[in-house]
Amino acid sequence: MMPSTRVVVTGLGTTSPVGGDVPTTWQALLAGTSGIRHLTDDWVDQLPVKIGGRVAVEPSEILDRVKARRLDRSSQFAMVAADQAWADSGLEGSGLEPERLGVCLASGIGGVTTLLANYDTLLEKGARRVSPLAVPMLMPNAPAANVSLKYGARAAVHAPTSACASGNEAIAMAIDLIRLGRADVVIAGGTEAAIHPLPMAAFANMMALSKTGSEDGGDPTTVSRPWDTGRDGFVLGEGGSVLILESEEHARARGATIYAQVLGAGISNDAHDIAQPDPEGRGGTRAIKMALREGDVDPATVVHVNAHATSTPKGDIAEGLMLHAVLGEHVDRCVVTSTKSMTGHLLGGAGALEAIATVMALRDRVSPPTINLDHLDPEVDLDIPTSRRDLPQGDIVGLNNSFGFGGANVAVAFGSV
């Protein structure tokens, strides 16, 4: 049965590889615009992978310079996205009690750039030159903590770390906070800033990153190709995304604009392998079924899925099996997309960015395309448009799937309003 407290989305914010805010990001996704580029950092020549999805707008162009220097890049992204979402929600001056405001803001890796920069300082200049701000900058809960400080959030402040499922898990945790009565409003989302030689070398050496397009003259915009027979790994992206979740009662009492309903969430684990998905997709299937059951959702009303689909050989096939297992005969009427084909994979920030894309798809009744899908893998039997596709009118449901290393699976179901 659907829980009695209904949860809605009242604010959105993002900084992504394809746009500096939600409107520019959304229009880029609908247009099939890729944010993947050749990296120009001075360290890139030593790596086998030389492409990535840098944010379209640097946080230094937005944040106060002094305050930004006290934040890891992942926290900078979180702050930019949170500021946008907060302004969009109209909560400023609403009289919301700090004790009724929570934060659930995830990262898969945390302040890795701060950690590694200070380690370099230690080796090159000695212990006395290590920053006294290193620990509060690099800790995985730094983005959540800094957002809570900015907005005075005194309810629970969580920072889930479930690899690539982290951002979606933050949304699931936010739903619970509201339904359990611990908060009326939660700032929820995810962030990641891992475009650095060590994480990139590590992902490349475990054969997770695509090495296509890294050679001179290669086109980086064509490399992320979910479900295509030519896919050979994901492309690393960066950015942060935030949704303002609110109890429907609280939102309507203050006359808020509502983007979508948050119907339900499901969380499970494969317990199969530290990095590889269960090839039969059993854990992910359970998570999706949980999300639909919690929201009392008829599978026939699910018309859109923003898939996790990272462009890895095994993961993309497993997700197709999940959708067939859950939607059954209705899967043919469901439009499936992977916005990672344009943004790359934001790791702990992916689920939140893709939740925003799902919400916008329901609001505007249109699905973004999956680009670079030239030859659909014959093992994937899904409706995956390569250009934008209109969605039906009436009450419809969209799913946002996220799966991560360690076997983490999270699905969140959103409903139209």
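This is a predicted model: local features need pLDDT of at least 70, side-chain atom pairs count only at pLDDT 80 or more; totals for chains, interfaces and linings use all residues.
A residue counts as buried when its relative accessible area is under 20%.

**Stop 1: Thr-358**

Select helix 13, residues 350-364, and pick out Thr-358 within that helix. Is Thr-358 buried or exposed? Its relative accessible area is 0%, so Thr-358 is buried. Now show what surrounds the residue. Setting aside neighbours within four places in sequence, Thr-358 has contacts with His-304, Asn-306, Gly-398, Leu-399, Asn-400 and Phe-414.

**Stop 2: three phenylalanines**

Next, select Phe-203, Phe-234 and Phe-405, which form one aromatic cluster. Three aromatic pairs are counted in the model. In one of them, the ring centres of Phe-203 and Phe-234 are 5.4 Å apart and the planes stand at 75°; angles over 60 degrees count as edge-to-face, so this pair is edge-to-face. Colour the chain by element to see where the two rings come from. Phe-203 belongs to helix 8 (residues 197-205), while Phe-234 sits in the loop between helix 8 and strand 7 (239-247), so the pair ties together parts that are 31 residues apart in sequence.

Phe-203 is buried, because its relative accessibility is 12%. Phe-234 is buried as well, at 5%.

Turn to the other partner of Phe-203. The rings of Phe-203 and Phe-405 have centres 6.4 Å apart and planes at 55°, so this pair is tilted. Phe-405 lies in the loop between strand 13 (397-404) and strand 14 (408-415), and Phe-203 in helix 8, so here the parts tied together are 202 residues apart in sequence. With a relative accessibility of 32%, Phe-405 counts as partly exposed.

**Stop 3: helix 3 and helix 6**

Finally, select residues 73-89, which are helix 3, and residues 142-151, which are helix 6. How do these two helices lie relative to each other? Their axes come within 9 Å and cross at roughly 40°, and helix 3 and helix 6 are therefore oblique to each other. The crossing of the two is right-handed.

Show the side chains where the helices meet. On the helix 3 side, select Ser-74, Ser-75, Ala-78, Met-79, Ala-82, Asp-83 and Trp-86.

Definitions and conventions
Residues are numbered from 1 along each chain as its sequence is written. Side-chain values use heavy atoms; hydrogens and water are left out. Rings of Phe, Tyr and Trp (its six-membered ring) pair if their centres lie within 6.5 Å; planes under 30 degrees apart count as stacked, over 60 as edge-to-face and the rest as tilted. Helices (H or I, at least four residues) and strands (E, at least two) are DSSP runs, numbered from the N terminus. Buried means under 20% relative accessible area, exposed over 50%, partly exposed in between (1.4 Å probe, protein chains only). Axes are lines fitted to C-alpha atoms, for helices over the stretch in contact, and angles run from 0 to 180 degrees between N-to-C directions. Angles under 35 degrees count as roughly parallel, over 145 as roughly antiparallel, 65 to 115 as roughly perpendicular and the rest as oblique. A crossing is left-handed if the near helix is turned anticlockwise from the far one by less than a right angle, and right-handed if clockwise. Contact means heavy atoms within 4.5 Å.
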